[in-house]
Amino acid sequence: MNANPIVSDETFSEKEEDSHVKIVNLQKVFPVSRATLFNKKIENYIALDGINLDIKKNTFVSLIGPSGCGKSTLLNLLAGLDSFTSGEIFIEGKHLTGPGPDRGVIFQNYALMPWLTAAGNIDYALETACPELSPSQRREKSRYFLNMVGLERSMDKFPRQISGGMKQRVAIARALSINPTMLLMDEPFGALDALTRSYLQEEVLKIWEKNRVTALLITHSIEEALLMSDKIVLMSSGPSANIADIIDVPLPRPRIRKIIEKNSLFIDIKLKLEEHLLRETRAVEESS
Ligand SMILES: Nc1ncnc2c1ncn2[C@@H]1O[C@H](COP(=O)(O)OP(=O)(O)OP(=O)(O)O)[C@@H](O)[C@H]1O
Ligand SMILES: [Mg+2]
């Protein structure tokens, strides 16, 4: 049992060596304070309960489920940004030890530092993750990754001087620049207009298809999950949210939206996912 991120050398047996993330019977409880007439009461909210999940190396997995079911909670636990209540998380066979440069995180709200330029934001991440690099090597790396997302000419602009889509591209470049073995993405395209969204989805997909890493994407978009993933993990509604189903997406790669959307398998899985989301969303409404 390793409820908090503490270093451990425990490893898996050889047959599990292609596992990147293994989650065993994970539970996350939030203490919530409720004000009654005379005093304040602390109650426990069981956000996640009995989560078991195995993510193979270099696969692309999407996490989909009704709003509030615990997707971000799970991603934050995998990023090592929060501690879990019980259960176990293994990253490449070792107990989770907290945040690390092996995991690049892309948050929904970009999470850029407003006082640093686009290049400065990447430089800052590199300074922490790769202390062996000289300032000029960091600058070169920042340029390389900004170029990769089409932003080399904006490298000296501050977040307030660039659009939402550009900010999200900087956040993607920053996550990739530290050379992570895993990308954790929490609705990275959620706040973007439809055109920028589909452009960036295809960009990230192209980058991923070229430099395969393990990717976990939280999304509310069934089409996005189908376009990008090898597997789609469906979560049930909370409290005590769990994994309701895991669906394989054996569509050929590289995937081109216009072609893939006409594939009969795409259409079948889309229907199944729509039914699941509708069922779980109704469950949330009926319980509230
Ligand atoms: N720090 C916290 N304290 C108390 N409850 C929390 C905390 N963080 C999250 N929760 C609760 O845990 C549940 C899961 O929240 P979470 O943000 O993980 O949902 P989500 O699936 O990411 O939702 P969305 O799709 O809307 O982003 C929610 O009911 C939320 O209110
Ligand atoms: Mg969320």
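Let's start at Pro 254, which sits in the loop between β10 and α7 (257-260); helices (H or I, at least four residues) and strands (E, at least two) are DSSP runs, numbered from the N terminus. The peptide bond leading from Arg 253 into Pro 254 is cis, with omega near -5°. This is a predicted model, where local features need pLDDT of at least 70, side-chain atom pairs count only at pLDDT 80 or more, and totals for chains, interfaces and linings use all residues. Residues are numbered from 1 along each chain as its sequence is written, while chains are lettered from A and ligands numbered from 1 in the order in which they are written.

There's another cis peptide bond between Gly 238 and Pro 239, with omega about -5°. Pro 239 belongs to the loop between β9 (231-235) and β10 (243-248). As background, most residues other than glycine have a negative phi, and most peptide bonds are trans. Glu 92 has a positive phi of about 45° although it isn't a glycine, and you'll find Glu 92 in the loop between β4 and β5.

Four strands make an open, antiparallel sheet in the order β2-β1-β4-β5, where two strands pair if DSSP finds at least two bridges between them. At the edges are β2 (40-56) and β5 (94-95), each pairing on one side only. Helix α1 (residues 71-79) packs on this sheet, touching β1 (19-35), β2 and β4, and its direction makes about 70° with that of β2. Contact here is C-beta atoms, placed from the backbone, within 7 Å; axes are lines fitted to C-alpha atoms, for helices over the stretch in contact, with angles from 0 to 180 degrees between N-to-C directions.

Now for ligand 1. Of the 13 residues around it, Phe 30, Ser 67, Lys 71, Ser 72 and Thr 73 come nearest; a residue is near if its C-beta atom, placed from the backbone, lies within 6 Å. β1, β2 and α1 are the elements giving two or more residues to the shell, and α1 supplies the largest share, three residues.

Finally, look at α4 (residues 164-177) and α5 (residues 194-210): their axes come within 11 Å and cross at roughly 15°. That makes α4 roughly parallel to α5, since angles under 35 degrees count as roughly parallel. On the α4 side, Gly 165, Gln 168, Arg 169, Ile 172 and Leu 176 meet Thr 196, Leu 200, Val 204 and Ile 207 in α5.

Definitions and conventions: Contact = placed C-beta atoms within 7 Å. Parallel < 35°, antiparallel > 145°, perpendicular 65-115°, else oblique.
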